[in-house]
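Hi there,

Here is the structure I promised to pass on to you. Have a look at it first, and then read on for what turned up in it.

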Amino acid sequence: PYKRDIASREIFKYIFNEDTIDKVLIDLMKNGLKINSGNTIGKTIIFAYNHQHAELIVQRFNRLYPQLGDDFCVLIDNYVNYAQDLIENFEVRGKKPQIAVSVDMLDTGVDVPDILNLVFFKPIHSYIKFWQMIGRGTRLSPNIFDVGEDKKEFYIFDWCGNFEFFGKHPKGKEPLPVLSLTERLFGLRLDLAFTLQHS
């Protein structure tokens, strides 16, 4: 069978398209942890690749599940007005949104104990960020399913092979340090001087 690596510039075209998004959303809604006697998907974060991807996810969700209303699944990122209000509503049990599609804003620092599902819909290469994202689901949540039925687990839907990646690269790939313009010019002058001296 033919196999090849997908370049990062190709990811949006080949993976993040309407058909793939529909499959991810249907899988989540069918197999995700549910509340209200199994009638409502539990609080969920979908970690999107970028703003364009996140917008498309919300559009496809509203197309697939119009009966749930426009405030059931919302986009939360730096481009959205009232993002903080949406986060505060997301944190409250029984308040919508039930699904938050996030671009970097909910990866860290948000404490929503009721989160039952995490959807990794982007490749992650930072070890620290990976574990911080997993941490969004680890908060205890008493009586979430019913009186005396506390949260004992949460689900992760990993659509971009992140667990496989970290299985092969346990420490991830940290970005290479970026040299400043001054440092690059100094290095260039040094190389030039060295070359001239030896010619």
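**Helix α4 and its neighbours**

In helix α4 (residues 83–90), the buried residues are Ala-83, Ile-87 and Phe-90. Looking down the axis of α4, you will find these buried residues within an arc of 60°, so they line one face of the helix. They pack against four strands: β3, β4 (73–76), β5 (99–102) and β6 (115–120). Please keep in mind that this is a predicted model.

**The overall picture**

The protein has seven helices and seven strands, and along the sequence they follow the pattern α-α-β-β-β-α-β-α-β-β-α-β-α-α. There are 199 residues, of which 37% count as buried. Among contacts with a separation of 6 or more, 71% are between residues 24 or more positions apart.

**Thr-44 in strand β3**

One of the strands that α4 packs against is β3, which covers residues 43–47 and includes Thr-44. Is Thr-44 buried or exposed? Its relative accessibility is 0%, and because buried means under 20%, Thr-44 counts as buried.

The side chain of Thr-44 has two polar partners to look at. A polar atom of this side chain lies 2.8 Å from the backbone oxygen of Gly-42, and the side chain also makes a polar contact with the side chain of Asn-117, at 3.2 Å. Leaving aside residues up to four places away in sequence, Thr-44 touches Leu-28, Phe-90, Gln-98, Ile-99, Ala-100, Asn-117 and Val-119. Phe-90 in that list is one of the buried residues of α4.

**Loops worth a look**

Tyr-82 sits in the loop between β4 and α4 and has a positive phi of about 60°, although it is not a glycine. Tyr-82 is exposed, since its relative accessible area of 65% is over 50%. In the loop between α4 and β5 you will come to Pro-97, which is joined to Lys-96 by a cis peptide bond with omega about 15°.

A positive phi also turns up at Asp-104, a residue other than glycine, where the value is near 70°. Asp-104 belongs to the loop between β5 and β6 and is partly exposed, with 42% relative accessibility.

Where is Asn-143 found? Look in the loop between α5 (127–135) and β7 (155–158). Asn-143 is partly exposed, at a relative accessible area of 37%. Its side chain reaches the backbone nitrogen of Gly-148 at 2.8 Å. Not counting residues up to four places away in sequence, Asn-143 touches Arg-93, Gly-148, Glu-149 and Asp-150. Asp-114 is 29 residues away from Asn-143 along the chain, and their C-alpha atoms are separated by 9.9 Å.

Enjoy exploring it!

Best wishes

How values were computed
Residues are numbered from 1 along each chain as its sequence is written. This is a predicted model: local features need pLDDT of at least 70, side-chain atom pairs count only at pLDDT 80 or more; totals for chains, interfaces and linings use all residues. Side-chain values use heavy atoms; hydrogens and water are left out. Helices (H or I, at least four residues) and strands (E, at least two) are DSSP runs, numbered from the N terminus. Buried means under 20% relative accessible area, exposed over 50%, partly exposed in between (1.4 Å probe, protein chains only). Contact means heavy atoms within 4.5 Å. A polar contact is a pair of N or O atoms within 3.5 Å; within protein, one must be able to donate a hydrogen and the other to accept it, and residues adjacent in sequence count only if both atoms are side-chain atoms. The arc is that of the directions from the helix axis to the C-beta atoms.
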